[in-house]
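I opened a new page for a structure today. My notes follow in the order I looked things up.

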Amino acid sequence: MTTTNINETVAECIARALKRHGVDTLFAQSLPSAVVLAAEAIGIRQIAYRQENMGGAMADGYARISGRVGVVAAQNGPAATLLVAPLAEALKASIPLVALVQDVERVQTDKNAFQDFDQVALFQSCTKWVRRVQVEARVEDYIDAAFTAATSGRPGPVALLLPADLLRAEIRHPECRRTANLGVWPLDRARPCDEALGQAAQWIVEAERPILIAGGGVHAAGAAAALSRLQELASLPVCTTNMGKGAVDEHHPLSAGVLGALTGPRSLGAFTRTFVETADLVVLVGTRTNQNGTDSWRQISPTARIIHIDVDPCEIGRTYEALRLVGDAAITIEALADAIAPMDLDKRRARRGELEREIARCWSSFEEARRSVYESDSSPIRPERIMRELQPWLDQGLTMVADASYSSMWVTGQLRAPKAGARFITPRGLAGLGWGLPLAVGAKLARPGSPVVALVGDGGFAHSWAEMETIVRLHIPVTIIVLNNGILGFQRDAETVKFGRFTTACHFSPVEHTAIAQACGCDAAYVSDPSQLATVLERAIGSNRPNLIEVVTDPDAHPPLSLFAAMDEAA
């Protein structure tokens, strides 16, 4: 017979379970209060954000960099509804989050209690799994189930609803308690069968012009080292999606940088797109084959053979029929390399020298094409010039984070990854404005010893500038670069291309972002002369303090997206 031991509240049980899963950081605004009090009492740090939709994005950035589950907490009602957007981003981007959401007391359900809402229905569209805990004795079962759902298979967000009265209730635990740590991801690492791997290996060895496209799943699985081995062994040229940037060393002679929709004039993709368009074999790794990653599904030839490696079986074949390699990217790539190693690789090696020269010519052509803007001394400042000043910091371990829209494109298209596994964090699941700063906060908390810079536009920054108080209060030394051009750039440019005019929402009144930062106690600098950039960046990043750098940027500058190619070529 199992004996029982001391009493504790459900909230205390939850806090202890979080600790068991390696949780040391909880993104919350003190609600559910019973859980946060219990968590703080045992050493779990609360990161109290200012805007209720920012906590989910902070947890997202933390999970992407730490390799652990991001945990966010919220009260019922409006705070719960504001979790929908960051959870949806995490769902599309395959990031494991656990949302602990307070619910009304069990006896008050369906009685129009204060802030009562059908939260099960609310979260079903933006999470992998949602449950409401009803029985005190099963709380640890549900905590473990939540972490398992978040980290197994294709990672993603989950929501656990916790009635307020349940959190205050006392429970008695059996002496035989759960001990597993389920807070790291990926939780399980499966691999395809040997027959499928053998077929894929044969296709790669036989291919005349193969190309590998690496997506964000490479980072999620920690597969950068395995991919580097395969790239070198099979003499495979590799390009990446936006989320896959950094999956390979972009200085490797077989690395062709980011492709996707960055194919307009002055882009690397203008020169490298032919590697995909003329490929007879395309190897996809950890990519959703989404619109941005394929330039609206135009780049892969319908005659090309396709091999698709992904942990989610439903992503394989969604857009392109492919040889199915269902499994964890790291384990699968290693197994594929093992299958290729004993084969006759003379054909692949014979082609390598010319491939390397082709790719080198592409990089050289790109550098020449962008020189006028990358080295520009003009004012207002070109964003490409800012990227030039940031490039050396990547060699010092900088984690580069960007907001959605143009900020993401400047980072992925203009910076060059210095090593395999370098991290560039961009909200490419749903691409919501305002998430650059909170993602950077989470990234810095996950890797406090490395510098973190957030690149944000003035439009997106307005969604999240209250979090400057957060980084000052909690001493989180993130450097924020605000590209101040006074407009919603993508909105104006996209409307102009599609309709020949743009709406009145695209332009802003002047805002002194440095004044807002200083009002929050944040160090700030205003830059209108590009010659000041290097000094200001060094001072800010080296200060180990929260910093904001407001850069007056050219409102006519936009990344070289295919959408604007015709307009740019005519200019």
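Entry 1, strand 4. I checked which way its side chains face: G70, V72 and A74 point one way from strand 4, V71 and A73 point the other way, and all are buried (buried means under 20% relative accessible area, exposed over 50%, partly exposed in between, with a 1.4 Å probe and protein chains only). In a regular strand, side chains alternate between the two faces of the sheet. I noted that strand 4 covers residues 70–74 and that five of its five residues are buried. Helices (H or I, at least four residues) and strands (E, at least two) are DSSP runs, numbered from the N terminus.

The model is predicted, so I note that local features need pLDDT of at least 70, side-chain atom pairs count only at pLDDT 80 or more, and totals for chains, interfaces and linings use all residues. Residues are numbered from 1 along each chain as its sequence is written, and side-chain values use heavy atoms, with hydrogens and water left out.

I then looked up the partner of strand 4. Strand 5 (residues 97–103) runs parallel to strand 4, joined by five bridges; two strands pair if DSSP finds at least two bridges between them. V71 has V98 as its bridge partner in strand 5.

I wrote down six strands in the order 16-15-17-18-20-19, with parallel pairing. Strand 16 (424–425) and strand 19 (523–527) are at the edges with a single partner strand each, so one side of each has no neighbour in the sheet. Strand 19 pairs with strand 20 (residues 547–552) in the parallel sense over five bridges. There, D523 has N547 in strand 20 as its bridge partner.

I found L533 in helix 23 (residues 533–542). Is L533 buried or exposed? L533 is buried, with a relative accessible area of 3%. Leaving aside neighbours within four places in sequence, I listed its contacts as I381, R385, I386, E389, V527 and V551 (contact means heavy atoms within 4.5 Å). L533 and V551 are 18 residues apart along the chain, and their C-alpha atoms are separated by 8.7 Å.

I listed the buried residues of helix 11 (residues 224–233): A224, A226, L227, L230 and Q231. They cover an arc of only 160 degrees around the axis, which puts them on the same side of helix 11; the arc is that of the directions from the helix axis to the C-beta atoms. These buried residues pack against several elements, including strand 9 (210–214) and helix 14 (329–340). After helix 11 comes S235, with a positive phi near 50 degrees.
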